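Here is a brief report on one protein model. It covers a sheet, a helix residue and a loop residue.

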Amino acid sequence: MFKPVEKEILGQISLTGMRALALISLLVEAPRSLEEIREEFIKLNILEETNSNDILRIDLNTLRNAGYEISRASARTNYKYVLLKHPFGMNITPDEVNLLKKFYKRIKEKNDIDILIKYDSLFKKIAGCICDEKVKESVLGISIFNRYNLELVKDLIIDARYNNIVDLTYRKAGAKIDSVKEIAVRQIVFKNDKMYLYGLNLQSGEPVTLLINKIIKILGRKPKREDIDLKTIKVKYHLRSFGIDALEPEETILESNENGFIIEGRYYNEFWAAQRILSFGAKCTVLEPADFKRNIIKKITEMGEVYGV
């Protein structure tokens with residue numbers, strides 16, 4: 001936004017041009033009433049308190065004549081002027097929006113949360129330059145954060161970075177009342193089109209995976225405790241091949257040979273470990289631990305019975 005104009009240089013600039021630029025900036029930010037525009041202009045020293053509102057109406061018509069589509073202030077617009085279209089707006093077609101969606105779908109499972117937040121910011125900046133409201137909403141709807149509390153996610157990312165302990169209320173599916181949990185936060189991840197918090201439930205001493213959109217409220221925070229050790233499921237398996245970006249941060253290559261790779265993965269719970277192993281299909285053979293290997297064989301057998309394989 002503009003800074004107030006110094007009185008001594010008012011004679012060196014075109015006040016009409018200055019008001020036009022300021023008016024564009026105000027209407028791009030949000031719809032404005034005539035009184036709101038007047039108030040901002042007075043703050044900027046480009047309108048005197050004794051000046052008539054007719055000056056503002058002339059400024060609005062000047063912009064209309066220059067190609068800006070500005071609604072009339074009526075009950076329908078809460079008596080505010082709305083910038084409907086301007087010559088500098090981005091003209092993005094529905095086909096181009098669909099292309100953005102396809103691109104984002106391909107990359108969102110491969111990027112960490114910090115990168116996805118940057119994409120969210122990019123989509124918001126693009127949407128801010130689009131006049132067509134339907135196209136604008138489509139662009140804003142691409143980001144995963146259109147269904148999450150972004151500020152909550154940012155706070156939890158910091159908690160994970162410093163391994164903070166968080167007291168929170170959580171709404172489990174089907175539960176009649178919200179539960180209060182004390183969680184040592186370890187990681188925020190996005191998998192299978194959902195966002196999760198990985199951590200340790202200090203009340204039960206067990207690792208937990210919480211859906212972030214089920215976290216209702218953060219009640220308080222405490223710094224990490226050195227005596228807390230988050231248990232993980234360690235699985236060693238043989239993988240015949242994988243793509244260049246297929247391994248997760250919690251997975252390490254122990255050795256490689258002409259037959260493939262020996263991988264060690266450290267997962268937050270057995271469910272995610274099993275999901276990960278099964279995602280590799282026939283390319284993967286579990287080596288240890290033995291009980292986890294038996295569970296995988298059991299799951300594959302049960303799946304075969306269901307599908308008649």
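Two strands pair if DSSP finds at least two bridges between them. Helices (H or I, at least four residues) and strands (E, at least two) are DSSP runs, numbered from the N terminus.

## Basis

This is a predicted model, where local features need pLDDT of at least 70, side-chain atom pairs count only at pLDDT 80 or more, and totals for chains, interfaces and linings use all residues. Residues are numbered from 1 along each chain as its sequence is written, and side-chain values use heavy atoms, with hydrogens and water left out.

## The sheet

Strands β3 (residues 165-170) and β4 (residues 179-191) run antiparallel, joined by 6 bridges. Y170 has S179 in β4 as its bridge partner.

Both strands belong to an open sheet of 5 strands, ordered β6-β5-β4-β3-β7 with antiparallel pairing. β6 (206-211) and β7 (215-222) each have a single partner strand, so one side of each lacks a neighbour in the sheet. The twist averages 45° from one strand to the next (axes are lines fitted to C-alpha atoms; angles run from 0 to 180 degrees between N-to-C directions).

## D59 in helix α3

D59 sits in helix α3 (residues 54-65). D59 counts as buried because its relative accessibility is 3%, and buried means under 20% relative accessible area (1.4 Å probe, protein chains only).

Leaving aside residues up to four places away in sequence, D59 touches R19, L23 and F41. Contact means heavy atoms within 4.5 Å.

## P249 in a loop

P249 lies in the loop between β8 (233-239) and β9 (251-257). Its relative accessible area is 73%, so P249 is exposed; the cut-off for exposed is over 50%.
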